[in-house]
Amino acid sequence: MSQIVTSGSSGKAFDIPKTLVWEAYLKVRANKGAAGVDRQSLADFAQDEKKNLYKIWNRMSSGSYFPPPVRAVEIPKAGGGVRVLGVPTVADRIAQTVVAMTLEPSVEPVFHDDSYGYRPGRSALDAVAVCRDRCWRSQWVIDLDIRGFFDNVPHTPILRAVGKHTDKPWVLLYVQRWLTAPVQRADGTLETRDRGTPQGSAISPLLSNLFMHYAFDDWLARMQPLVRFERYCDDAIVHCVTEKQAHYILRSIKERLARLGLELHPEKTKIVQCVQEGRDRTRYGVEFTFLGYTFRPRYARLRDGRWKSGFLPAVSKSAKKSMAAVIRGWRLGRRTDLSFREIAAMINRVVAGWINYYGRFYKSELISFLADRINPHLVRWAMRKFKHLHRWPSKARKRIAQIASQYQGMFVHWRHGALPTGSTTGAV
């Protein structure tokens with residue numbers, strides 16, 4: 001690989017540094033990911049790393065790189081239905097990352113401060129925190145849902161935006177080829193595309209952000225400079241001062257997207273009133289879900305010990321449903337082949353991820369859920385593992401509670417207060 005890193009790129013149609021291909025490969029390797037239509041894994045690619053990377057650089061530099069089809073993978077949605085992800089080949093992910101790394105420095109400074117998705121130094125939790133603060137200050141919210149965004153986003157505005165932010169013809173050339181690359185279904189059939197950008201590709205988040213910047217962020221900031229919003233990719237919350245303003249802004253957004261060939265989901269898009277203490281409730285709904293958190297009126301304890309009703313985020317029902325499915329899939333009650341510590345090692349990393357994300361706001365809601373869902377499985381494990389507890393669930397619960405009191409750090413959810421009590425803690 002040393003020759004790939006140190007050589008120049010003379011004599012080619014496009015001047016693409018070999019070091020850039022290498023850096024893109026390191027990123028792809030760190031992100032891992034599944035194989036594409038060629039079934040070549042990262043491990044397979046690495047077996048002839050030097051030759052494979054040279055091939056990518058040579059074809060991209062000569063203008064002869066054409067992306068293979070994207071493998072379609074259906075992922076079940078928490079609320080029903082499926083989401084189709086597009087899985088490029090390893091080589092194609094590297095090529096896409098080369099372009100993304102080239103384009104990002106010129107577009108990142110242009111992006112709006114209220115855009116949070118797939119941007120360095122920003123996260124979904126940052127968006128949730130800002131949304132929470134603004135709900136306290138503004139009484140009305142528009143919860144936006146663009147129907148089939150990744151399947152229907154038009155190509156022409158994307159290419160126009162890319163051309164505006166790069167003077168490298170090869171960047172625009174390859175973006176155009178990726179946008180129109182066919183999708184290969186599970187049965188092998190190929191679907192051509194004249195719109196949309198597959199979720200799962202390395203370049204798609206940047207292209208989606210670029211489109212939404214001009215279609216929504218920059219447009220709304222110019223049309224209504226005092227209206228604030230949080231956007232994470234195609235998921236956005238808009239804050240309004242009055243009901244009348246909310247209706248006007250929603251109508252304007254709907255018309256704006258329609259001109260671009262997109263539409264708002266008629267059932268999922270809604271106006272919500274942020275009801276809290278001191279605000280009169282109207283006929284409007286009083287909750288919405290944003291990035292896995294449901295915002296609604298909840299009681300919170302003030303520093304002086306008093307309780308007050310506020311409009312606050314907590315882990316959503318759909319997020320709980322997804323976590324419950326994972327917990328059931330572990331079949332902890334039947335893993336008598338494992339010790340208690342081995343079970344902890346098996347689940348702690350996943351549970352820690354849930355707590356780090358869904359426990360950031362109104363943590364008690366998540367901790368109560370984890371106690372009700374995980375601890376009963378541990379009781380069942382103890383009943384099957386030890387014969388003297390086989391017919392005694394109450395004794396098993398007390399035993400698990402004793403272990404938790406002595407070794408509170410064993411399970412990560414115990415460390416955060418989701419301790420078994422020795423009595424019934426919830427249904428499995």
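Cys274 counts as buried, at 0% relative accessibility (buried is under 20% relative accessible area and exposed over 50%, with partly exposed in between, using a 1.4 Å probe and protein chains only). Before going on, keep in mind that this is a predicted model, where local features need pLDDT of at least 70, side-chain atom pairs count only at pLDDT 80 or more, and totals for chains, interfaces and linings use all residues. Residues are numbered from 1 along each chain as its sequence is written, and side-chain values use heavy atoms, leaving out hydrogens and water.

Back to the cysteines. The structure holds 0 disulfides, a disulfide being a pair of cysteine sulfur atoms within 2.5 Å. Cys131 is in none, and the nearest cysteine sulfur to it, that of Cys135, sits 4.1 Å away. Cys274 is in no disulfide either; its nearest cysteine sulfur is also that of Cys135, 3.8 Å away. Like Cys274, Cys131 is buried, with a relative accessible area of 0%.

Now follow the chain to helix 11, residues 243-259 (helices are DSSP runs of H or I, at least four residues, and strands are runs of E, at least two, numbered from the N terminus). Its buried residues are Ala246, Ile249, Leu250, Ser252, Ile253, Arg256 and Leu257. The face turned away carries the exposed Lys244, Ala258 and Arg259. Just after helix 11, Gly261 takes a positive phi of about 85°.

Technical notes
Expected span 1.5 Å × (residues − 1).
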